[in-house]
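Please look at the structure slowly, and keep the sequence beside you as you read. The paragraphs that follow visit its parts in turn.

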Amino acid sequence: MMAWRVHEFGPPQVMQFEALSRPEPGPGEVLVKVAAAGVGPWDGWIRAGKSALPQPLPLTLGSDLSGEIVAVGPGVSQGRAGEQVYGVTNPRFVGSYAEYALASAEMVSGKPNSLSHAEAASVPVIAVTAWQALFDHAQLRAGQTVVIHGAAGNVGSYAVQLARHAGVQIVATVSTADASFVRNLGANTVIDYRSQRVEKEVRDADAVIDLVGGETQSRSFQVLRRGGKLISAVSRPDQDLAKHHGVEATFFLVDVTSRYLTEIARLVDAGELRTNVGVVLPLADAREAHLMLEGARPRPKGKIVLAVGAG
């Protein structure tokens, strides 16, 4: 089988498209014939040696996937063979840029019936990140208010849709060009981050979902009520600022499991969530996808996906 390998950390040029033996699933694993693999910023961090997790070399890049289970390891129901699934490979987030990939059986679930494999491969990490930020960490409930920074991005657009579905009032910060997009997703209030200061427009929000970091994160403490929560998926918040404003501030890494994937698939098939695939490239062009991640190639909005097999 063909797979994109990294033998040394560095720029996209270190990626090598190589022939490998088809792997065999171990305990708790399934072997997936990959139909499509998602490309995310974390793939670039891993390739560059900037992962938050240990990443022994050599490795196969990629985490998001959609495809068909063709073999199962010990401890996995034989009935799963032939199942169309989507999800991620493993807690290290490696292995999906390949014709076949091993995945933890607890990190994949049935593919949404209404989606193609390319669409399904665009969903797992970003949708589960949005879910966990809103409901596990911010613990938002209907009637509360959330500020979502980067609301037009891949994670942000799912956060807007999930918050709308839960009856949460949404303040979205975006550029002018994206204002109508996030309104259509369900944002109640839209703030242009280039011309408006969120801390002058919003007070007493219950939570901030920070998908931007930097100065935007630092200024966001001012929009929260006492006891509010700032949840970041990009960088660790300043705990001194949090204490000064009387709020909680948390950084988290996503934990993708079958339970979340099953619920997200249900919402997708019910028409409550819509995907946003920006571009689909063949597997052989994965290096081009990483050049897009780096800004060295033009990139449309939405998720980059690699088409690996049929579907």
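Predicted model: local features only at pLDDT ≥ 70, side-chain atom pairs only at ≥ 80, totals over all residues.

Residues are numbered from 1 along each chain as its sequence is written, and side-chain values use heavy atoms, with hydrogens and water left out.

According to an unreviewed UniProt entry, residues 10-306 carry the annotation "domain: Enoyl reductase (ER)"; such annotations may be inferred rather than shown by experiment. This span is 28% helix and 28% strand, and its end C-alpha atoms lie 21 Å apart. Helices (H or I, at least four residues) and strands (E, at least two) are DSSP runs, numbered from the N terminus.

Two packed helices are described by the angle between their axes and the distance between the axes. Helix α3 (residues 124-137) and helix α9 (residues 258-269) have axes that come within 10 Å and cross at roughly 100°, where axes are lines fitted to C-alpha atoms over the stretch in contact, and angles run from 0 to 180 degrees between N-to-C directions. The helices α3 and α9 are therefore roughly perpendicular to each other, a term used for angles of 65 to 115 degrees. In their contact (heavy atoms within 4.5 Å), α3 takes part with Pro124, Ala127, Val128, Trp131, Gln132 and Asp136, and α9 with Tyr260, Leu261, Glu263, Ile264 and Leu267. These residues divide into 8 nonpolar, 1 polar and 2 charged, with Ala, Val, Leu, Ile, Met, Phe, Trp, Tyr, Cys and Pro counted as nonpolar, Asp, Glu, Lys and Arg as charged, and the others, Gly among them, as polar.

Rolling a probe the size of a water molecule over the atoms shows where empty space is left. On a 1 Å grid over the protein atoms alone, a cavity is a set of points where a 1.4 Å probe fits but cannot get out, a pocket is an open set with protein on both sides within 12 Å along at least five of seven lines, and lining residues have an atom within 4 Å of a point. The second largest pocket holds about 260 Å³ of space, and among its 19 lining residues, Arg5, Thr60, Val94, Gly95 and Leu102 are the closest to its centre. Strand β7 gives the largest share of this lining, 3 residues. The whole structure has 1 cavity of 30 Å³ or more, and it is lined by Ser122, Ile126, Asn154, Ser157, Tyr158, Asn276 and Lys303.

Most residues other than glycine have a negative phi, and most peptide bonds are trans. The bond from Leu57 to Pro58, however, is cis, with omega near -5°, and Phe93 has a positive phi near 65°.

How values were computed:
Points joined across faces, edges and corners; volume = space filled by probe spheres on them. Parallel < 35°, antiparallel > 145°, perpendicular 65-115°, else oblique.
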